[in-house]
Amino acid sequence: MTHSGAGSSQEERGPSRSRVNVLRWQIGYGTFGVPQAAAPIAFALLVLPLTGSAESGAALVFAMTAAQIIGSVPITRMGQRFGSVGYLRTLIAFRTLGLLAVTILAAISAPFVYLMIAVVVAGLVNGAAYGYMRTLLNHLVDPAGMPRALGIAATLNEVAFATSPVLASLLGAWSPVAAMAVVTVLGSGPMLLIPNIPEARSAPVAAAGSGRRTPVPGAVWIWLFASGATGASIAGIEVGAVSFALSFGLSPAWAFLFALAMCIGSVLGGVWVSIRNRMPGRWKVTSFFAFTTAAFALLLVDGHIALTLTGALIVGWFLPMLDTFYLLALDSLSPEERRAEMFALLRTTNALGIMATSGLLALLGLTAALVGALGLLVIATVLAGVYFTRGQRRRREVPVG
């Protein structure tokens, strides 16, 4: 895999490459994920008094991620005519208004359907915002330092994912509306944190005048599917956190334990990625999938709560390793003018996995959701193994000299 167009624009990106700007981006990246991290618990606690069912919170997560899927690619493409930083800030502002509407509607005990509409508004821009946010990092960091920068970002993101459910649970036990208000404020962070990057203009349109877009390699679709599988596993733990708590005879406020176990593992895994600062080898990636699948299977074992927490911790450990690999692979495989779109699709397929698990949880319960997520992980593991095996065989068949 090679970085398309990376070398040709290095000098243009120099002025923005300061440590302060990189740190601002990384913190902004962490706060960007606060609404997604807190929403499963915050939504469940928010609607519990309105509907009497924690699963209704999963329905809100389903609606928000479905909106993200619908809006991801078209909203990303709309931004090609605007400056990337300004467009990103506009998208974050739009999401913030949607979450603010959820907070206000819940405070006045509005009908559930109105909350559903508000979360759809918030979710509509989420994928596109992520695509532009990730693309901006290419203007701030040299390719050689990208694994470390992404590892640190993943660590900060997982800190947010670890603390957000705790915050939602603790504040939600006192006031679900107050918890949602705090989540809304924190989620608006990237509007202020993302630095100005003059060289981050709209991406060039491929084949100007032809209306055609540069095709992407087939490997991109494998990693997009794999991202969906890992998203499903995340949702199995986070969206199912309240259901896990209830199944062990705990109060809903203890739901944060299960998300916290996974996020602690993710923080440790992100630190490991930052220390290594390198692209993982093909067999390491395959082993990441295999261990994640085995650990997730522990969640289906009807045993002690410690076994479930251990499975969540191990799943969390491998998530930043897989996520960093997806980002590096798509960065090197995607045409420059479609990079933001591919990153948005990465977020979208991750959301598809979350939506699938959330839908199964809302309709059929926790066990069905876990079985579905496990099936996707198994398929992703097989695809990764087959892809890397075929790649190795092709290299052996190439004549030397």
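Visitor: Does Thr 96 count as buried or exposed, and why?

Guide: This is a predicted model, in which local features need pLDDT of at least 70 and side-chain atom pairs count only at pLDDT 80 or more, while totals for chains, interfaces and linings use all residues. Residues are numbered from 1 along each chain as its sequence is written, and side-chain values use heavy atoms, with hydrogens and water left out.

Thr 96 counts as buried because its relative accessibility is 16%; buried means under 20% relative accessible area, exposed over 50% and partly exposed in between, with a 1.4 Å probe and protein chains only. Thr 96 lies in helix α4, where helices (H or I, at least four residues) are DSSP runs numbered from the N terminus. Apart from neighbours within four places in sequence, Thr 96 is in contact (heavy atoms within 4.5 Å) with Thr 184, Ser 188 and Met 191.

Helix α4 (residues 84–107) also packs against helix α6 (residues 126–136), at an angle of about 145° and with the axes 9 Å apart. Axes are lines fitted to C-alpha atoms over the stretch in contact, and angles run from 0 to 180 degrees between N-to-C directions. On the α4 side, the residues making this contact include Leu 88, Leu 91, Ile 92 and Arg 95; on the α6 side, Ala 129, Tyr 132 and Met 133 are among them. By class, the contact of α4 with α6 has 10 nonpolar, 2 polar and 1 charged residues. Here Ala, Val, Leu, Ile, Met, Phe, Trp, Tyr, Cys and Pro count as nonpolar, Asp, Glu, Lys and Arg as charged, and the others, Gly among them, as polar.

Definitions and conventions: Helices (H or I, at least four residues) and strands (E, at least two) are DSSP runs, numbered from the N terminus.
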